[in-house]
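I wanted to go through the aromatic side chains of this model and then check the surface for a nonpolar patch. My notes follow.

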Amino acid sequence: MAQAPQDTSTYAKSLTSLHAIFQNFSLTVDELIEDTANHRICMWLSARADTAAGKYINEYVWLLDFDESGKKIVRTKEYSDSLMARDFFPKLKEAMEKQRTKKAAGEIQTNGR
């Protein structure tokens, strides 16, 4: 599930596109470990959202490395429950395709009147 590095603008666009898919998204920090000497934090997070395929519930671990000032993130690593993602995202894709098909059928009926 490796992804190429993204600049801030690209990452913001990808997050914005997910907003329409994941309604009521919440991210809770369950645990936070700070390593001030190495300018690093580690967070264990719980995510929840409503989707066309039902509830999305996942867990993440984020490692964030900061510059010497502690104000800029210079490296990130993200770990998620890949088994959950493997099972959930095909169901989400199928549910979204069904929604698109229903919407297209409704538009055809509306335009055909």
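I started with the cut-offs: buried means under 20% relative accessible area, exposed means over 50%, and partly exposed lies in between. The model I looked at is predicted.

**Entry: Tyr-56.** Is Tyr-56 buried or exposed? Its relative accessibility is 3%, so I put Tyr-56 down as buried.

**Entry: ring pairs.** I described each pair by the distance of the ring centres and the angle of the planes. I looked up the count of aromatic pairs and got 6. One of them is Tyr-56 with Phe-89, a tilted pair. I noted 6.1 Å centre to centre and 55° between the planes. Where do the two residues lie? Tyr-56 sits in strand β3 (residues 54-66) and Phe-89 in helix α2 (residues 82-112), so this pair ties together parts 33 residues apart in sequence.

I then checked Phe-88 against Phe-89. Their centres are 5.5 Å apart and their planes stand at 85°, so I logged the pair as edge-to-face.

**Entry: cover on the two Phe residues.** Phe-88 has 8% relative accessibility and therefore counts as buried. Phe-89 comes to 34%, so I listed Phe-89 as partly exposed.

**Entry: cluster.** Which residues do ring pairs link into a cluster? I found Phe-22, Phe-25, Tyr-56, Phe-88 and Phe-89.

**Entry: surface.** I turned to the nonpolar patch formed by Tyr-11, Leu-15 and Leu-18. Together they have about 270 Å² of accessible area. I located Tyr-11 in helix α1 (residues 8-19). At 40% relative accessibility, Tyr-11 went into my notes as partly exposed.

Conventions:
Residues numbered from 1 in each chain as written. Predicted model: local features only at pLDDT ≥ 70, side-chain atom pairs only at ≥ 80, totals over all residues. Heavy atoms only, no water. Patch = residues over 30% accessible without salt bridge, like charges linked within 9 Å, V, L, I, M, F, W, Y side chains within 5 Å. Areas by Shrake-Rupley, 256 points an atom, 1.4 Å probe, with all protein chains shown as cover. Salt bridge = Lys/Arg side-chain N within 4 Å of Asp/Glu carboxyl O. Helix = DSSP H or I, 4+ residues; strand = E, 2+ residues; numbered from the N terminus. Buried < 20%, exposed > 50% of the residue type's maximum accessible area, 1.4 Å probe, protein only. Phe/Tyr/Trp six-rings, centres within 6.5 Å; stacked < 30°, edge-to-face > 60°.
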